[in-house]
Amino acid sequence: MNTSERSMQMRLASHQSWANTRDRSARTAAARRASHHTRFIAKARELHPDATEAEIAKVAESLRKAHYTALALRSAAARRAKSEAAKEKKRAEAERQLAQYRPGTAAA
């Protein structure tokens, strides 16, 4: 089975599974309880063991914002690097094509 067929098979299984789920909210409740946000609360408590719940919530929110800002920064850097690599590849290809028309230059 190739990757496209495998992907379609997995998609089919997912759709069938959700079609058989009567209460979607109940099915995803455990995931929401153990959400990504709980790690920020745990880290906030680790950093400030004497803090009140309100203070912990504020610290956790700052940790969450810092985390997603760092992700956005890395994403932007990756997009920029990809764009620059594509531009460099395009420039090199244009140079290669121009070299064909320059006298005394062997085409690669």
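## Salt bridges in the model

The structure holds 6 salt bridges. The model is a predicted one.

## Glu61 and Arg64

Glu61 has a relative accessible area of 27% and is partly exposed. Arg64 is also partly exposed, at 27% relative accessibility.

## Glu88 and Arg91

In helix H4, Glu88 and Arg91 lie 3 residues apart, about one turn of the helix. Their side chains form a salt bridge at 2.6 Å, N to O.

The relative accessible area of Glu88 is 39%, so this residue falls in the partly exposed class. Arg91, with 44% relative accessibility, is partly exposed as well.

## Glu93 and Arg96

The side chains of Arg96 and Glu93 meet in a salt bridge, again with 2.6 Å from N to O. The two residues sit 3 residues apart in helix H4, which means a separation of about one helical turn.

Arg96 is partly exposed, its relative accessible area being 34%. For Glu93 the value is 33%, and Glu93 is likewise partly exposed.

## Background to the pairing

Side chains of opposite charge can pair when their charged atoms come close.

How values were computed
Residues numbered from 1 in each chain as written. Predicted model: local features only at pLDDT ≥ 70, side-chain atom pairs only at ≥ 80, totals over all residues. Heavy atoms only, no water. Salt bridge = Lys/Arg side-chain N within 4 Å of Asp/Glu carboxyl O. Buried < 20%, exposed > 50% of the residue type's maximum accessible area, 1.4 Å probe, protein only. Helix = DSSP H or I, 4+ residues; strand = E, 2+ residues; numbered from the N terminus.
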